[in-house]
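Please open the model in your viewer and display it as a cartoon.

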Amino acid sequence: MNIILLGPPGAGKGTQAERLVAERGLLQLSTGDMLRAAVAAGTEVGQKAKAVMEAGQLVSDEIVIGVVSERLDQPDAKGGVIFDGFPRTTAQAEALDALLAEKGMTLDAVVEMQVDDDLLVGRIQTRATETGGSRADDNAETLKARLKVYHAETAPLIEYYRKTGKLKTVDGSLSIDGVTEAIRKVLDGK
Ligand code: AMP
């Protein structure tokens, strides 16, 4: 099963992806995690991505698509993937369609986690406190930039995937367990 988790920053995509990994043995493909690792390792990709990420802007489609393509070629991607934080632009969604077709993979569902902006600001502030500010982009100022980018660049993907008939929307303002249950229902149709 290959699934996309779609939603604004702070919607809980990472948390729900981890649960899907545990329950369904899928691979979590988080472009944010991969880019943070590249920044920490000081690779060429990391050097290009660092300032852009700190500003809450999007890393170029070319870089992100390259990172995803390489990751999908590793054997552990064959058992199913949860795309967490990718795609984030229409160009990335089109590239993903092409990559999946090329690699003989199919997309089963796109789960949209719907959360109002007001609630997200509070959640990001909590995450910044809990993680001791370990993410350079977890602060109110950067969140505003990230939300703006989400609405301008990523939200159009909701329509993109609605047209494919694969879009499933869950209420991301529920408790963590509540969202997990809602995702289980839309994926299993129960
Ligand atoms: P995330 O952990 O998914 O919130 O991503 C953190 C940051 O990494 C984002 O604010 C972007 O700067 C960058 N990033 C992650 N995924 C993507 C993507 N698919 N396209 C462009 N930039 C991305």
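The model is a predicted one. Colour the protein chain by secondary structure: 9 helices and 5 strands are present. Followed along the sequence, their order is β-α-β-α-α-α-β-α-β-α-α-α-β-α.

Next, view the whole chain. Its C-alpha trace spans about 40 × 40 × 30 Å along the principal axes. The radius of gyration is 16 Å, which agrees with the value near 16 Å for a compact globule of 190 residues. Among contacts with a separation of 6 or more, 74% join residues 24 or more positions apart.

Now show the surface. Of the 190 residues, 45% count as buried.

Which residues touch the most other members of the largest nonpolar core? Select I4, V68, L72, V81, F83 and Y161, which hold that position in a core of 32 residues. Elements giving two or more residues to this core include strand 1 (3-6), strand 2 (27-30), helix 5 (90-102) and helix 8 (156-162). Helix 4 provides the largest share, 6 residues.

Centre the view on V68. Leaving aside residues up to four places away in sequence, V68 touches L29, T31, F83, F86 and L99.

Finally, select I3, L20, V115 and L187. These residues are among the 20 of a second, separate core. In soluble globular proteins, nonpolar side chains tend to be buried together.

Conventions
Residues numbered from 1 in each chain as written. Predicted model: local features only at pLDDT ≥ 70, side-chain atom pairs only at ≥ 80, totals over all residues. Heavy atoms only, no water. Helix = DSSP H or I, 4+ residues; strand = E, 2+ residues; numbered from the N terminus. Rg over C-alpha atoms; globule rule 2.2 N^0.38 Å. Buried < 20%, exposed > 50% of the residue type's maximum accessible area, 1.4 Å probe, protein only. Contact = heavy atoms within 4.5 Å. Core = buried A, V, L, I, M, F, W, Y, C linked by side-chain atoms within 4.5 Å.
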